[in-house]
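Thanks for coming, everyone. Let's look at the structure together, starting with the aromatic rings.

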Amino acid sequence: MPPKKTAKESPATIRVFSSDIDGTLLGKADSAASFTRTWRKLPKEGRPLLVYNTGRMVDDVLRLIKKKHLPEPDYCICGVGVDIYDYQAKELIKEFSTVLEEGWDLKQVELIVHEKIPEAIKQPDHFQSPVKSSWYAGCEQEQLDCLEDALRDCGLEVNIVYSSGRDLDVLPKFANKGNALSWLLKHLGITRSQCLVAGDTGNDNAMFLKRGVRGIIVGNAQPELLERMVGRKEVYRAQGACADGVLEGLKHYGVIKEVDHVEPAETLPSQTPIIQHLLDVEETSAMEEPQRAFIKEGYLRALEGIRKNITPKGFSACSLTDNDTRGTDENYRSVWARDASVTIVGTIGLDDEDIRQCQRASLQTLMDCMSLNGQIPANVSLDTGKPDYSGVGGICSIDSGLWVIIAFAEYVRATQDFELLRAYSKKLQKAMDWLSAQDSNNDALLEIPEAGDWTDLFGRSYHVLVDEVLWFRANIAYGRLMEYLGEWNKAGDYLRWAGTIKKKILRSFWPSLRKAPEREYSFADSQARMGDTSYLLAQVTPFNHDWRCDVFGNALAFLFNVIDHEHAQTAFRFMWGAGVSQPFPAKNLYPAVESGDPSWKSYYTVNLLNLPHHYHNGGIWPLVGGVWVRFLNRLGLKDLAYEQLHELAKINHAGQQYEWEFNEWAHGVTGKPMGKAFQAWSCSEYIAACHEIGLLDDEDG
């Protein structure tokens, strides 16, 4: 447990706000516009000095400020700390530049990088400068250490900055974002305790690590930053992504009182071109009041649906009083690990004591039934209390444990229930050990048995996208739990491993014809390099790959920070064009597997569940629809997210017998509801989408 807070003097007034740009202020158009509006409304005489601290060079930053309509700063620290630009005077501060030249030789630096990392690709000229050498490279820490030793052996005093698993910058000894910021603060006569910083990747570390500064880590921060911030009390970890997280942090530190949100009905100069470019249609229309009322009615009905699934042992998968659960459907009379965990995460923002208690009970039921070797059960019977560790056909359920780890971390974050965390800390470690053992060849990815996850009647195996995305997130979540317990070294280990998992996912699941910086080569790599894709593949094995688009997996990959905004835009462009949200959001897989396809399995006809466009074979899932809406919102396409939320409300409203049944799934072509009524995760994901999109008034939620 972290030490208890003690009374202390109020912190110093913040006089400087130093923020990264890409992935921090930018990356979500509507929130960037909200930041600009909120900042500009602060009284000039009272607001902090605004400093953009970025890897971009000066000319690029100046163009970006104008293009993206960010507020005009007071200073710009550019090139990862090689230049300081006085925005008001419109000139570089030359005194700082002279500090960097000692012990620097650009030509020799480039020769050594070529020698030690021959796969490295030099970044475009606009990222370079006389005191900055920038490359694209997939590096392990050993390679970076070897490069640093070689440079120093040649008498070069340098600073190596590696971030995002791709960007390698070699700089003069004193050049980084933190040192440049420290120099500027001293130049201005401002103390570090009066400075607030914000960032999302490893090249922002140097800002946060300066003693005395306070910080904001945005919700989409990468593992290399999270790892270095373990145990740092003066850092605020925002839930919101990009500028939403920045605004959340500014409010936390008292720099702003309220956020002046930009409404989707308004025309955003920074958003309109993105919508037109991605959708190739006219800008979507404003949300009308009848649509808002319909969505809000759905929210209230979703709350009713959640309450139908409350039991003393935790959330049931579907309402037990509104469904026939006899025969083969008896397993619905259970607390399912994945269903209950998704429901916990989706309802975590609700201030409802009954729901909160059911969240806790769900975790207790599942953790208490863990096997001796650390396997979390697929489900626990509500009638007998007996755990089942497998799915259909006795196949091991892998994602049950992944979802429970994620849900446990979300629950503790929201409730600060450290008593529950301490009670189950040893079991949580055993669960992570069991999951780690599923990486049998130690390549950072889990080996999944066929039909061993939520698609338990669908034939995917080995490296399955959605499971690897969950594995990444589970390591982040467990690292956070270890932070709560004060296990700093262990937290750092898991966050560092999450970074390795992310690199492996991107390398394996997003094939490209471009030269790859990594050295590993396999038959699967050869197959994947037959072409480029516009999304993460659904499955990769040592012998082949499944080129289908797992909509659920790709959307989660963005929400969980596995792929960046650029990749997410590319994936969205494909999925939107393919019609994955038609007739309702959203199909779980595109395209459906047809009979005769090499991927077809004879057992897809069992109970007629996985026929083409049925169930997991391209069926429409309100669960996936809620994630899809959040995916759009995170992309900054807020008005489109509103429209898709309205479409999601329609399918949840349709019902097989009555209105607002929140059914389990619907046919992928006809859109007709199928499956159980009042499915817990259909309700919870609708609630989560409503909360995240911010459509509801305070009194509604």
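Start with a cluster: Trp454, Phe552, Tyr615, Trp621, Trp665 and Trp681 are linked by ring pairs. Keep in mind that this is a predicted model.

How many aromatic pairs are there by this rule? The count is 25. Take tyrosine 603 and tyrosine 604. Their ring centres are 5.3 Å apart and their planes stand at 85 degrees, so this pair is edge-to-face. The cut-off for that is over 60 degrees. Are these two tyrosines buried or exposed? Tyrosine 603 is partly exposed, at 26% relative accessibility. Tyrosine 604 is buried, at 1%.

Tyrosine 615 and tryptophan 621 make a tilted pair, with 5.4 Å between centres and 40 degrees between planes. Tyrosine 615 is buried at 10% relative accessibility. Tryptophan 621 is buried too, at 1%.

Next, charges over rings. Lysine 90 lies over the face of tyrosine 87, 3.5 Å from the ring centre. Arginine 634 does this with phenylalanine 558, at 4.6 Å from the ring centre.

Last stop, the sheet. Three strands form an open, antiparallel sheet in the order E15-E16-E17. Serine 334 sits opposite serine 381 in E16. Helix H12, residues 337-346, lies across E15 and E16, and runs at about 65 degrees to E15.

Technical notes: Residues numbered from 1 in each chain as written. Predicted model: local features only at pLDDT ≥ 70, side-chain atom pairs only at ≥ 80, totals over all residues. Heavy atoms only, no water. Pairing = 2+ DSSP bridges. Helix = DSSP H or I, 4+ residues; strand = E, 2+ residues; numbered from the N terminus. Contact = heavy atoms within 4.5 Å. Axes fitted to C-alpha atoms, helices over the stretch in contact; angles between N-to-C directions. Phe/Tyr/Trp six-rings, centres within 6.5 Å; stacked < 30°, edge-to-face > 60°. Buried < 20%, exposed > 50% of the residue type's maximum accessible area, 1.4 Å probe, protein only. Lys NZ or Arg CZ within 6 Å of the ring centre and 35° of its normal.
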